[in-house]
Amino acid sequence: MVTPGQAVQVKEGIRRDVEDSLVVEEPLQIRINGRPFSITMRTPGDDAELVRGLLYTEGVVDLQGLTQEVVLEEKDGYTDASIQVPEVYLCSELMEKRSLVANASCGFCGKSEISDLRLQQPRVSTPQALSANLIPRFGHEMRSRQTGFEATGGCHAAAAFTIEGKFLSLYEDIGRHNAVDKVIGRLVGEDLLGAAAILQVSGRISFEIVSKAAAAGIPFLSAVSAPSSLAVQWAEQAGITLVAFCRESRFTVYANRQNIDFGETVNG
């Protein structure tokens with residue numbers, strides 16, 4: 001499922017407004033016997049199959065219990081999925097001790113209510129605009145430092161830079177969210193969080209990456225690949241300037257474009 005989004009694209013120094021397509025990312029609240037069990041971030045569609053597969057592979061419900069109907073109800077911005085399972089087919093220990101969150105790219109462990117997914121941080125601000133000329137450099141420098149990816153092809157990366165483009169930190173991890181957490185942890189440990197203005201990540205941007213940038217007060221978020229619809233929505237609300245598809249001389253600004261100094265670029 002995709003949804004249209006408005007953006008401004010810069011290619012070869014020419015700027016133009018574009019209508020782009022965003023993959024939809026929305027929460028699915030899962031309830032077992034009326035009790036909140038987990039939230040999973042997903043692209044809507046085939047939700048009953050998703051609920052059954054998740055509960056089975058996680059060992060929460062036996063196969064016999066999964067024959068029960070999954071009732072889906074559309075709410076404000078999310079879908080509520082409820083299943084009634086006879087206790088004999090339910091792993092009570094996991095229900096009591098575990099609150100599972102499975103996301104499109106992980107994160108938000110321990111959350112089981114939709115209210116837990118609200119942005120809690122104040123709106124991020126930046127005292128200085130980011131030069132459009134610097135944006136392509138962030139992805140290039142991050143990639144040049146990715147030794148793990150060079151060796152395996154299986155690592156995500158995140159890197160932090162100052163508003164002037166000075167490199168601060170880079171980490172790799174199999175999980176995009178883990179790499180982000182490592183970078184932010186390093187900045188905290190080195191008392192450099194206040195200097196970090198740009199968070200560059202490999203792959204796509206989903207909502208939990210935006211939330212981590214907001215929690216760290218980092219005003220610019222840039223990625224090699226696409227953002228989800230919820231990532232764009234959250235970035236706009238959080239005051240974070242979201243830039244994606246940063247490849248070669250091309251990039252697309254999806255949220256808070258007023259914080260980019262487009263300089264010599266011209267409308268196409």
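Analyst: Three bridges connect strand 1 with strand 14 (residues 250–255), and the two strands run antiparallel. Within this pairing, valine 8 has valine 253 of strand 14 as its bridge partner. The model is a predicted one, and what follows should be read accordingly.

Strand 1 (residues 2–11) is also joined to strand 2 (residues 14–23), again in an antiparallel arrangement, by 10 bridges. Here alanine 7 has valine 18 in strand 2 as its bridge partner. Strand 1 and strand 2 form a hairpin with two residues between the strands. Glutamate 12 lies in that loop, between strand 1 and strand 2. What is particular about the backbone of glutamate 12? Its phi is positive, about 55 degrees, although the residue is not a glycine. Most residues other than glycine have a negative phi. Glutamate 12 has a relative accessible area of 62%, and therefore counts as exposed, since the term applies over 50%.

A second residue can be described in the same terms. Aspartate 191 likewise is not a glycine and has a positive phi of about 55 degrees. Its place is in the loop between helix 5 (176–189) and strand 11 (198–201). Because its relative accessibility is 71%, aspartate 191 counts as exposed.

In helix 1 (residues 47–57), the residues Asp47, Ala48, Val51, Leu54 and Leu55 are buried. Why do they lie on the same side of helix 1? They cover an arc of only 135 degrees around the axis, which places them on one side. Glu49 and Thr57, on the other side of helix 1, are exposed. After helix 1 comes glycine 59, with a positive phi near 75 degrees.

Helix 3 (residues 135–144) can be read in this manner too. Its buried residues include Ile135, Pro136, Phe138, Gly139 and Met142. Because these residues cover an arc of only 160 degrees around the axis, they are on the same side of helix 3.

Helix 3 and strand 13 (241–247) each supply at least two residues of the lining. Helix 3 gives the most, with five residues. By class, the lining consists of six nonpolar, seven polar and three charged residues.

Charged side chains lead to the next topic. Side chains of opposite charge can pair when their charged atoms come close. The structure holds eight salt bridges. One of them joins the side chains of aspartate 80 and arginine 31, at 2.7 Å from N to O. This pair links distant parts of the chain, for aspartate 80 is in strand 6 (residues 79–83) and arginine 31 is in strand 3 (residues 26–32), 49 residues apart. Are these two residues buried or exposed? Both aspartate 80 and arginine 31 are buried.

Another salt bridge is formed by arginine 145 and glutamate 141, whose closest N and O atoms are 3.0 Å apart. Arginine 145 has a relative accessibility of 36%, so it counts as partly exposed. Glutamate 141 is partly exposed as well, with a relative accessible area of 23%. A further salt bridge joins the side chains of lysine 75 and glutamate 73, at 3.4 Å from N to O. Lysine 75 is partly exposed, at 36% relative accessibility, and glutamate 73 is partly exposed, at 43%.

Finally, glycine 217 is placed in the loop between helix 6 (207–216) and strand 12 (220–223). Its relative accessible area is 36%, so glycine 217 is partly exposed. Its C-alpha atom is separated by 9.7 Å from that of glycine 239, which is 22 residues away along the chain.

Note on methods: Residues numbered from 1 in each chain as written. Predicted model: local features only at pLDDT ≥ 70, side-chain atom pairs only at ≥ 80, totals over all residues. Heavy atoms only, no water. Buried < 20%, exposed > 50% of the residue type's maximum accessible area, 1.4 Å probe, protein only. Helix = DSSP H or I, 4+ residues; strand = E, 2+ residues; numbered from the N terminus. Arc of directions from axis to C-beta. Salt bridge = Lys/Arg side-chain N within 4 Å of Asp/Glu carboxyl O. Nonpolar A, V, L, I, M, F, W, Y, C, P; charged D, E, K, R; others polar. Pairing = 2+ DSSP bridges.
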